[in-house]
Amino acid sequence: MNPTYRTIFTLDWVAIVLFIALVLLSVSKYFFSVNFRMFLILPFNDKYLKTSRKKGKLFNWFHVVLTVFQIMVLSLFVFLSNNILKGQRIDFYPILYWILLFSLVAFVCLKVILQFGNGYFFQNVQTMANLVFEKLTYFNYSALLAFVGCILLVYVLPDSKTLVYVITTGVILINLIGFIKVLRNHQKLIVTNFIYFILYLCTLEISPLVIIVSYLKD
């Protein structure tokens, strides 16, 4: 009787990514408990944004940790969603995940650099720093929902396209709410610099979305 070898695909790497993300959340809660509590109620209260804006620190450690958490989790959610929507199994060697991860890092860094470049060119660096911080904060908050979605897709409701659409809609809504609040907080500046705002909106907000949508269609 000859032995039969079977290749067993596991989700160990996904579990590791989720564990690291959970560690990042735990670290942020333990060392920055006050900021973490204010951050959790962000959609209902702007206290976190107001407090952080007064301190004038875009690259504080709490924000950096949450941004790393966001990049890891959103990349994993996109990876899982892509596999589920295309009816593919999760690869043991997650090459696509690493591509998504580094692409998101490059996208966020490039966008931040361009936004600061725009602020330097129009001599409003501090205002642009506030805009970048506020939008990234809502982006980070949407990663909390994506994190829950990843856990459900892996351990509770695998292959659920409905869950993918629900979480995706939630992530979009959170960022849309954040964008509207950012516009409201800076409406005086927008009114006085309306032409520059339209230029900024087209080059740094709409153009990336058009490129991404065009890529996904292809």
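This is a short tour of the structure, one selection at a time.

**Whole chain.** Start with everything shown. The model is predicted. The protein has 218 residues, and 40% of them count as buried. Look for nine helices and zero strands. Read along the sequence, the pattern is α-α-α-α-α-α-α-α-α. Among contacts with a separation of 6 or more, 76% join residues 24 or more positions apart.

**Colour by confidence.** The average pLDDT of the protein is 77, and 68% of the residues score at least 70. Which helix has the lowest confidence, and which the highest? Helix α9, residues 194–217, is lowest, with a mean of 57. Helix α1 is highest, at 90. Now select residues 4–9. Their pLDDT is below 50. Beyond near neighbours in sequence, this stretch makes two contacts in the model. Where pLDDT is low, predicted coordinates should not be read in detail.

**Trp-13 and Tyr-97.** Show these two side chains next. They form a tilted aromatic pair. The ring centres are 5.4 Å apart, with 50 degrees between the planes. Trp-13 sits in helix α1, residues 12–31. Tyr-97 sits in helix α5, residues 95–121. The pair links distant parts of the chain, 84 residues apart. Are Trp-13 and Tyr-97 buried or exposed? Both are buried.

**The ring cluster.** The structure holds 13 aromatic pairs. For a group of linked rings, select Phe-32, Phe-39, Tyr-48, Phe-62, Phe-133 and Tyr-141. Ring pairs join these residues into a cluster.

**Helices α4 and α7.** Select residues 61–85 for α4 and residues 161–185 for α7. The two helices pack at an angle of about 140 degrees, and their axes are 10 Å apart. Their crossing is left-handed. From α4, show Phe-77, Ser-81, Ile-84 and Leu-85. From α7, show Lys-161, Val-164, Tyr-165, Ile-167 and Thr-168. How do the residues of this contact divide into nonpolar, polar and charged? Six are nonpolar, two are polar and one is charged.

**Asp-159.** Finish in the loop between α6 (125–156) and α7, where Asp-159 lies. Check the backbone here. Asp-159 has a positive phi of about 65 degrees, although it is not a glycine. Asp-159 has a relative accessible area of 61%, so it counts as exposed, the cut-off being over 50%.

Terms used:
Residues are numbered from 1 along each chain as its sequence is written. This is a predicted model: local features need pLDDT of at least 70, side-chain atom pairs count only at pLDDT 80 or more; totals for chains, interfaces and linings use all residues. Side-chain values use heavy atoms; hydrogens and water are left out. Rings of Phe, Tyr and Trp (its six-membered ring) pair if their centres lie within 6.5 Å; planes under 30 degrees apart count as stacked, over 60 as edge-to-face and the rest as tilted. Helices (H or I, at least four residues) and strands (E, at least two) are DSSP runs, numbered from the N terminus. Buried means under 20% relative accessible area, exposed over 50%, partly exposed in between (1.4 Å probe, protein chains only). pLDDT is the predictor's confidence in each residue, from 0 to 100. Contact means heavy atoms within 4.5 Å. Axes are lines fitted to C-alpha atoms, for helices over the stretch in contact, and angles run from 0 to 180 degrees between N-to-C directions. A crossing is left-handed if the near helix is turned anticlockwise from the far one by less than a right angle, and right-handed if clockwise. Ala, Val, Leu, Ile, Met, Phe, Trp, Tyr, Cys and Pro count as nonpolar, Asp, Glu, Lys and Arg as charged, and the others, Gly among them, as polar.
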